[in-house]
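This report walks through the model one level at a time. Please keep the sequence and the coordinates at hand while reading.

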Amino acid sequence: MSTGQALPTAVDRPYKYLWLEWEPEFSVLTTRIAVKPIQCYSLAAMAELQQVFNDITANPGLVRHFVMASGVRDVFNFGGDLSLFVLLVRARDLDSLKLYARRCVDLVWWLENAAQIGVHTTALVQGDTLGGGLESALLHHNVIFERRAQAGYPEVLFNLFPGMGAWHLTVRKGGFAIANDMILSGQIYTAEQLHRAGLVDLVVEDGAGEVALDKVVRSAHPKLRGILAALQARRIAAPIAYESLQTVVEHWAVTALRLKDRDLRLMERLARAQVRKVGGAGEGAVEEIKKIELDTAWGFERTGLSEWSTLT
Amino acid sequence: MHHPAILLPDVTQPFFIDLVSRTDEARRSFETNPRVLRIVADGLSVERYRQLLLELYHVVWHFNPTCAAAASRLADQHSEIRYFLYDHMMEEKGHEEWVVNDLEVVGVRRQEIDQHRPSNALLAINGYNYWAADRRNACSVLGMVYALEVIASVYGGPIASAIKESLLLEDDRGISFISSHVTMDAEHMAELRVVLNKVYDSAAKEAIVESTIFNFEQFTRLLEGI
């Protein structure tokens with residue numbers, strides 16, 4: 001796919017945290033998210049992403065393929081805005097936690113309904129992705145991981161859980177046992193493990209993601225109407241209800257408000273590690289999570305009894 | 001089954017979350033500043049810790065007069081903010097002596113504290129906060145309070161631990177000011193949210209946003225100079 005083409009006027013806006021690319025041959029809109037200094041879903045970045053979705057919805061037929069990628073080297077997305085959560089929990093601001101969660105659900109809901117408005121979606125994951133970052137990747141019709149990318153739901157390590165669709169999406173793609181293991185262990189998994197679990201559709205060598213993406217789009221495009229119809233039927237067969245997503249995020253917000261100081265300190269520690277990774281240092285959030293896992297010594301997933309843990 | 005529209009509904013945000021969002025970059029720039037992260041990770045040498053406390057002394061010493069200046073200029077419609085400031089001033093009263101005590105533990109005499117010339121960043125912080133309370137908008141003081149409480153509640157704990165470890169200090173001796181403000185300011189944050197959500201006029205909101213960004217930026221400069 002060629003890049004650097006002028007964007008259609010309908011989606012061309014001066015974004016601060018997003019970088020859009022347009023490929024006219026197959027009507028592919030690629031959105032690269034780059035939130036500095038931490039690559040996460042900040043409220044401002046989510047507002048921009050929602051604007052992109054609004055523009056796509058308002059112009060039916062303009063965008064046929066939506067691609068979510070990262071504009072930050074080695075990181076796809078670290079998910080929720082941890083330092084914001086800490087601040088809101090300290091301020092005992094349940095309303096704002098719920099507001100954040102509802103904005104996430106709005107994005108989730110758009111991606112969940114993308115086929116319905118004629119858009120085929122692909123996530124290109126070329127670096128680590130955690131929590132809400134993984135949730136957002138799994139929402140896409142196609143999930144491509146480069147081999148070095150690692151992912152997981154670390155929230156349980158600080159007594160929270162991934163609340164923006166993790167259970168729904170992981171159960172739907174990988175099954176209940178996989179979701180249970182991933183969400184309750186907080187472990188980080190390799191691209192290959194996630195592929196074997198059925199969560200990732202394609203694993204490619206490092207640096208080969210763009211070529212793989214091109215192949216996916218080229219292969220899907222001639223049969224796009226059929227694919228989109230089938231994906232809508234898939235939603236009927238394995239539905240995710242908006243009300244259910246909302247109920248879970250309400251529970252998430254209430255749980256967040258009950259976090260203790262130790263949990264908040266761990267979140268802050270992880271947020272600081274996220275900066276190190278974005279700064280290009282060798283060790284970042286994933287390494288920090290592994291250290292936190294050891295520190296907290298919650299070893300039940302390391303007993304070797306789990307089938308999932310044998311996927312090495 | 002009923003499903004809401006895919007598009008984002010129009011939600012009116014309470015001012016606290018609006019302030020948090022609009023000042024997000026300045027807060028993150030402080031929290032992720034390499035110097036700040038290094039202090040959190042490695043602590044400080046005794047010389048640099050003395051420097052930090054000398055600067056903090058002037059932050060604390062001018063905190064209450066700034067709040068008082070703002071309280072005296074607030075219109076009657078902002079009586080809740082006035083009461084918030086009164087309570088806050090009562091709690092902060094005398095805390096500069098905690099800084100003095102910590103300075104004595106690390107070998108700085110009172111006479112040296114009086115002779116300390118604040119950094120330009122600190123002069124800018126205090127100068128701006130007095131000016132903003134006096135001439136910009138009295139509500140701007142809440143921006144100063146918000147920035148200082150984020151800094152204290154989020155970074156007070158790790159910085160105090162790192163300094164304690166690097167200087168081999170015992171108990172809270174020498175770190176009493178920083179460590180005591182961690183839990184205290186976490187409480188204040190909840191109270192501050194309540195009062196911020198009662199600010200409705202847009203000029204006051206803009207002044208608070210401006211003040212927050214300025215205080216975060218200058219505090220970052222201050223720590224960079226340590």
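**Chain A overall**

The model is predicted. Chain A has 12 helices and 10 strands, and 50% of its 312 residues count as buried. Of the contacts in this chain between residues at least 6 apart in sequence, 74% join residues at least 24 apart.

**The six-stranded sheet**

An open sheet of 6 strands in chain A runs in the order β1-β2-β3-β5-β7-β10, and its pairing is mixed. At its edges stand β1 and β10 (202–204) of chain A, each paired with a single strand, so one side of each has no neighbour in the sheet. From one strand to the next, the twist averages 20°.

Within this sheet, β1(A) and β2(A) pair in the antiparallel sense over 6 bridges, and Trp22(A) has Leu29(A) in β2(A) as its bridge partner. Helix α1(A) packs on the sheet, where it touches β1, β2 and β3 (65–70) of chain A, and its direction makes about 25° with that of β1(A).

The loop between β1 (18–23) and β2 (28–33) of chain A contains Ser27(A). Is Ser27(A) buried or exposed? With 20 other C-beta atoms within 10 Å, Ser27(A) is buried, because a count of 20 or more is what qualifies a residue as buried. Apart from its neighbours within four places in sequence, Ser27(A) is in contact with Leu62(A), Val63(A), Arg64(A) and His65(A). The C-alpha atom of Ser27(A) is separated by 34 Å from that of Ala179(A), which lies 152 residues away along the chain.

**The four-stranded sheet**

Chain A also holds an open sheet of 4 strands, ordered β4-β6-β8-β9, again with mixed pairing. Here β4 (75–77) and β9 (188–190) of chain A are the edge strands, and each has a single partner, so one side of each is left without a neighbour in the sheet. The twist in this sheet averages 20° from one strand to the next. Strand β4(A) pairs with β6 (residues 128–130) of chain A in the parallel sense over 2 bridges, and the partner of Val75(A) in β6(A) is Asp128(A).

**Helix packing**

| Helix pair | Angle between axes | Axis separation | Handedness of crossing |
|---|---|---|---|
| α1(A) and α3(A) | about 30° | 10 Å | left-handed |
| α3(A) and α10(A) | roughly 150° | within 9 Å | right-handed |
| α4(B) and α9(B) | roughly 155° | within 13 Å | left-handed |

Helix α1 (residues 43–58) of chain A packs against helix α3 (residues 94–112) of chain A at an angle of about 30°, which makes α1(A) roughly parallel to α3(A). On the α1(A) side, the contact is made by Leu43(A), Met46(A), Leu49(A), Gln50(A) and Phe53(A), and on the α3(A) side the residues include Tyr100(A), Arg103(A), Asp106(A) and Trp110(A). By class, this contact comprises 8 nonpolar, 1 polar and 2 charged residues.

Helix α3(A) also meets helix α10 (residues 242–257) of chain A, with axes that cross at roughly 150°. Among the residues making this contact are Leu94(A), Leu97(A), Ala101(A) and Trp109(A) of α3(A), together with Tyr242(A), Leu245(A), Val249(A) and Trp252(A) of α10(A). The contact of α3(A) with α10(A) has 14 nonpolar, 1 polar and 3 charged residues.

In chain B, the axes of helix α4 (residues 46–73) and α9(B) cross at roughly 155°, which makes α4(B) roughly antiparallel to α9(B). The contact is made by Val46(B), Tyr49(B), Thr66(B), Cys67(B) and Ala70(B) of α4(B), and by Val141(B), Met144(B), Ile163(B) and Leu167(B) of α9(B). Its residues divide into 8 nonpolar, 1 polar and no charged.

**The contact between the chains**

How many residues does the contact take from chain B and from chain A? It takes 26 residues from chain B and 28 residues from chain A. On the side of chain B that touches chain A, at least two residues each come from α1 (15–22), α2 (24–31), α3 (34–42), α9 (141–167) and α10 (176–196) of chain B. That side of chain B divides into 16 nonpolar, 6 polar and 4 charged residues.

Notes:
Residues are numbered from 1 along each chain as its sequence is written. Chains are lettered from A and ligands numbered from 1 in the order in which they are written. This is a predicted model: local features need pLDDT of at least 70, side-chain atom pairs count only at pLDDT 80 or more; totals for chains, interfaces and linings use all residues. Two residues are in contact if their C-beta atoms, placed from the backbone, lie within 7 Å. Ala, Val, Leu, Ile, Met, Phe, Trp, Tyr, Cys and Pro count as nonpolar, Asp, Glu, Lys and Arg as charged, and the others, Gly among them, as polar. Axes are lines fitted to C-alpha atoms, for helices over the stretch in contact, and angles run from 0 to 180 degrees between N-to-C directions. Angles under 35 degrees count as roughly parallel, over 145 as roughly antiparallel, 65 to 115 as roughly perpendicular and the rest as oblique. A crossing is left-handed if the near helix is turned anticlockwise from the far one by less than a right angle, and right-handed if clockwise. Two strands pair if DSSP finds at least two bridges between them. A residue is buried if 20 or more other C-beta atoms lie within 10 Å of its own, exposed if 12 or fewer, and partly exposed in between; C-beta atoms are placed from the backbone.
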